[in-house]
Amino acid sequence: MTDVNCIFCRIAKGEIPCSKIYEDDKVLAFLDLAPVHHGHALVIPKSHHKDMLEVPSELGCAIFAAMQKVAAAVVKATGAQGFNVMQNNGLAAGQTVFHIHWHIIPRFDDDSLEMWEQGSYPDMATMQAMAAKVASYLEN
Ligand code: AMP
Ligand code: ZN
């Protein structure tokens, strides 16, 4: 499962260089070349899947285990006090590379970075109606 036109597939195959920090048979992690903070890492499956809706859930364990290892190493290497795990799906959400990847972003007590602005529901009924609508689309 490789896409010849996909930059992350080409990185996974070693055709394009990266600043690699972790690799196993299913997963690769390397530094983002445009970091939010130095040490900002990307974790990708080696196989090509566009986004969260297309990646096989069977890969989840390997990806999660790699993210834990990479995040712990990034925190130690940068002296960060915390980190964010970000994953964008679709253009509207800011996805620019359509090979699924997770951002591990080291965070510092004084970095005053706002990831997003949160809003509110006008009332509980509106919130409950939204919960019921979303739940109605879930298959059990
Ligand atoms: P996203 O916006 O979630 O799709 O994130 C894609 C990320 O990939 C961006 O943060 C880019 O800076 C990063 N990126 C794109 N090309 C490369 C590359 N060749 N090596 C490392 N990072 C890259
Ligand atoms: Zn790919």
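Biologist: Which residues are the closest to ligand 1, of those that surround it?

Modeller: This is a predicted model. In it, 16 residues surround ligand 1. The closest of them are Asp32, Asn88, Gly94, Thr96 and His103.

Biologist: How much of ligand 1 does the protein bury?

Modeller: Taken alone, ligand 1 exposes 500 Å². Of that area, the protein buries 84%.

Biologist: Where does ligand 1 sit, and which element gives the most residues to the shell around it?

Modeller: Ligand 1 sits in the largest pocket. Two elements, H1 and E2, each give two or more residues to the shell around ligand 1. The one that gives the most, with three residues, is H1.

Biologist: How do the residues that line the largest pocket divide by class?

Modeller: The pocket holds about 310 Å³ of space. Its lining has 19 residues, with Phe8, Phe30, Asp32, Leu33 and Leu42 the closest to the centre. By class, the lining residues are 11 nonpolar, seven polar and one charged.

Biologist: Which helix gives the most to the lining of the second largest pocket?

Modeller: The second largest pocket has a volume of about 150 Å³. Its lining includes Met52, Phe64 and Trp102, and has seven nonpolar, two polar and no charged residues. Four lining residues come from the helix that gives the most, H2.

Definitions and conventions. Residues numbered from 1 in each chain as written. Chains lettered and ligands numbered in written order. Predicted model: local features only at pLDDT ≥ 70, side-chain atom pairs only at ≥ 80, totals over all residues. Heavy atoms only, no water. 1 Å grid on protein atoms, 1.4 Å probe; cavity = no way out; pocket = protein on both sides within 12 Å on 5 of 7 lines; lining within 4 Å. Points joined across faces, edges and corners; volume = space filled by probe spheres on them. Nonpolar A, V, L, I, M, F, W, Y, C, P; charged D, E, K, R; others polar. Near = heavy atom within 4 Å. Areas by Shrake-Rupley, 256 points an atom, 1.4 Å probe, with all protein chains shown as cover. Sits in = over half its atoms within 2 Å of the grid points.
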